[in-house]
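Here's a friendly walk through one model, meant for someone meeting it for the first time. Take a look at it below, then read on.

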Amino acid sequence: MKEILKLKNLKKHFPVKNSWGTDVALVKALDGVDLKIESGKTFGIVGESGCGKTTLMRTLLRLVEPTSGSVILSEEITGNNFSSNNLEDLTSEELRYFRKQIGVVFQDPMGALNPRMLIKDIVSEPLVIHGKADNVRSRVIELLENVGLGEEHLYRYPHEFSGGQRQRIVIARALALDPKILVLDEPTSALDVSVQAQILNLLNDLQKKYDLTYIFISHDLSVIEYMCDRLAVMYLGRVVEEADTDELFSNPQHPYTKALLSATPSFDKNKDKIMILGDVPSPINYLDESKAKLATEITEQEKLEISAIEGKGIDYIVRSSLNEVIPLVQISDGHYARVRQQ
Ligand SMILES: Nc1ncnc2c1ncn2[C@@H]1O[C@H](COP(=O)(O)OP(=O)(O)O)[C@@H](O)[C@H]1O
Ligand SMILES: [Mg+2]
């Protein structure tokens, strides 16, 4: 396996202050994530809203400073010219170079595009910022053609395009500086299903053409299954299971993974659906020790929900049972899950 990036015990805790400005709690948005990203492949990160996917992306790009842990860069990124392979230790010039090699695509293309800028200026912006201003016009046309648009779109504004076309423009811009990695944070979640498939196919074509590594974030397991070679399932700032896509979909181990999978349309109709009961717990941890731990006893809400489905033959798991932190164990080669060892 040729690694391009490695995350080591990465944590991001946001302090919560009371009205006096004193820290009273921490939001453990990211709480010790270890991942190895293979070059030229698509690595998926899946989990419900609030589990820390976007924080993972922002920490990985060093848009926010990690609380602890590190991001280790391979020679494919550093070119062996850097003073360090640890993202945290890069000089500002090295950080600039690093950022050129990672393109970013967010969920909301309208929010990512300045409504007052022409498409030609939006797509050329990274080129101008990084001093690559030669032949800008032909480069912009080439980038637009790569995503199925063209010269006729240069002098238009974002609002003149459909959602899918706008996401194409975002992708064109993300590729402007020939990055090695694209980080895609819910890139198709805001789009209609028919348009989603077109964008996903475009991304697959571009990956082959430019030998790109994708870090693909989504809450949608069907999209993840279609796109990813390998994936990590996140819950409350941690990875609860990680495996190659085929292995994870055919042999899930963690109860949360099983429940998520059972809710996807492609799930085997003959297998029982598993419902997740209870409210998504808050990642806020109070500094006051007595309130610090997430409760593992069944909650009143969960009891109510259990009684509502009682006798209907529905399988379920309760969220409180997921709050206990169990170490990651190896299930088979490359497959890890936070389950109790037999
Ligand atoms: N800047 C911030 N300050 C405080 N809390 C934050 C901040 N950014 C994210 N969070 C919290 O961290 C948790 C994870 O958020 P996020 O990474 O956006 O999740 P996801 O992308 O999976 O929906 C959420 O509870 C969110 O409210
Ligand atoms: Mg997010």
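The report below covers confidence, the ligand, a helix, a pair of strands and the core.

## How confident is the model?

First things first: this is a predicted model. The chain averages a pLDDT of 92, and 98% of the residues score at least 70. Among the chain's elements, strand E3 (residues 42-46) has the highest mean pLDDT, at 98. At the other end is helix H12 (residues 289-292), with the lowest mean, 63.

## Around the ligand

Have a look at what surrounds ligand 1. Its shell includes Gly 47, then Ser 49, Gly 50, Cys 51, Gly 52, Lys 53, Thr 54 and Thr 55. Phe 14, Val 27, Ala 29 and Pro 283 are also part of that shell. By type, the shell residues split into 5 nonpolar, 6 polar and 1 charged.

Two elements give two or more residues each to this shell: strand E2 (23-38) and helix H1 (53-60). H1 gives the most, with 3 residues.

## A closer look at H1

The buried ones are Lys 53, Thr 55, Leu 56, Met 57, Thr 59 and Leu 60. Just after the helix, Arg 62 takes a positive phi of about 60°.

## Strand E5 and its partner

Strand E5 (residues 102-105) is covered on both faces. Ile 102 and Val 104 are buried on one side, while Gly 103 and Val 105 are buried on the other. E5 pairs with strand E6 (residues 181-185) in the parallel sense, over 4 bridges.

Val 105 counts as buried because it has 24 C-beta neighbours inside 10 Å, and the cut-off for that is 20 or more. Leaving aside neighbours within four places in sequence, Val 105 is in contact with Val 170, Ile 171, Ala 174, Leu 182, Leu 184 and Pro 187. Val 170 sits 65 residues away in sequence, yet the two C-alpha atoms are 6.5 Å apart in space.

## The nonpolar core

Which members of the largest nonpolar core touch the most other members? Out of 72 residues, they are Val 123, Ile 215, Phe 216, Leu 231 and Val 233.

Take Phe 216 as an example. Not counting residues up to four places away in sequence, Phe 216 touches Thr 42, Phe 43, Gly 44, Leu 184, Ile 224, Met 227 and Cys 228.

How values were computed:
Residues are numbered from 1 along each chain as its sequence is written. Chains are lettered from A and ligands numbered from 1 in the order in which they are written. This is a predicted model: local features need pLDDT of at least 70, side-chain atom pairs count only at pLDDT 80 or more; totals for chains, interfaces and linings use all residues. A residue is near a molecule or strand if its C-beta atom, placed from the backbone, lies within 6 Å of it. Ala, Val, Leu, Ile, Met, Phe, Trp, Tyr, Cys and Pro count as nonpolar, Asp, Glu, Lys and Arg as charged, and the others, Gly among them, as polar. A nonpolar core is a set of buried Ala, Val, Leu, Ile, Met, Phe, Trp, Tyr and Cys residues joined through C-beta atoms within 7 Å. A residue is buried if 20 or more other C-beta atoms lie within 10 Å of its own, exposed if 12 or fewer, and partly exposed in between; C-beta atoms are placed from the backbone. Two residues are in contact if their C-beta atoms, placed from the backbone, lie within 7 Å. Two strands pair if DSSP finds at least two bridges between them. pLDDT is the predictor's confidence in each residue, from 0 to 100.
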